[in-house]
Amino acid sequence: MLHFLNSIQPFSVSLWEHLAPKVEIHVVKKKVFLLKAGQIANRMFCIESGLILCYRNVEDKKIVSGLRKEGDFLIPADFYSQTRSPEYILTLENCTLYTLNHSYIQSALRDFPEFNFHMRVLLENNARFTEEFLHILRAHNAYAKYRWLIEHFSDLSKRVPAKHLASFIGITEQSLNRIKRESASY
């Protein structure tokens with residue numbers, strides 16, 4: 001986690017010494033909730049290995065809002081506001097995770113102004129991806145959504161159940177399976 005953040009812009013020695021002892025490593029089994037709706041998200045995650053599913057229940061239907069894999073950062077919904085999260089965060093595979101607690105991040109942001117740059121870059125990257133993703137969801141048909149999914153998440157097609165992939169891109173599982181069959185015949 002710190003090595004990635006440090007690659008954005010090198011940390012000062014004092015910032016590294018402040019954050020390094022606060023990073024925790026967690027080895028988590030498959031099908032474990034890291035967060036449930038209604039809880040307060042107090043940790044940011046960096047995924048060393050494994051796969052995580054983020055979703056919301058809407059009218060008794062699971063709507064996938066995110067898929068995160070090794071190398072990704074996961075900043076839960078409402079992490080910064082410290083209000084009750086609308087999301088569930090579930091491990092789909094055994095995971096090795098690095099975490100930083102909200103209070104540690106806040107103290108680093110306050111005491112080390114340079115850390116604001118690192119967090120801004122993380123937020124900008126997340127916002128850029130979210131903007132592109134929302135455009136794909138709103139403005140494109142099922143075929144374009146599938147092509148975008150394969151372009152950005154091709155390695156997940158074998159690791160994530162079709163029902164979750166379909167929900168992630170806003171189509172039915174039947175449509176996803178039909179598009180996959182048609183794409184395979186080309």
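For the class counts on this tour, Ala, Val, Leu, Ile, Met, Phe, Trp, Tyr, Cys and Pro are nonpolar, Asp, Glu, Lys and Arg are charged, and the others, Gly among them, are polar. Keep in mind that this is a predicted model, where local features need pLDDT of at least 70, side-chain atom pairs count only at pLDDT 80 or more, and totals for chains, interfaces and linings use all residues. Numbering runs from 1 along each chain as its sequence is written, and side-chain values use heavy atoms, without hydrogens or water.

Start with the largest pocket, at about 470 Å³. A pocket here is an open set of points on a 1 Å grid over the protein atoms alone where a 1.4 Å probe fits, with protein on both sides within 12 Å along at least five of seven lines; lining residues have an atom within 4 Å of a point. Select S65, R68, E87, N126 and T130: of the 23 lining residues, these are the closest to the centre. Next, colour β4 (51-58), β5 (61-69) and α4 (114-139), the elements that give two or more residues to this lining. α4 supplies the largest share, seven residues. By class, the lining has 15 nonpolar, four polar and four charged residues.

Now move to the second largest pocket, about 370 Å³. Which residues are closest to its centre? Of the 14 in its lining, pick R68, D72, F73, N125 and N126. Then show β5, α4 and α5 (142-153), each supplying at least two lining residues. α4 gives the most, with four. Sorted by class, this lining holds seven nonpolar, four polar and three charged residues.

Methods
Points joined across faces, edges and corners; volume = space filled by probe spheres on them.
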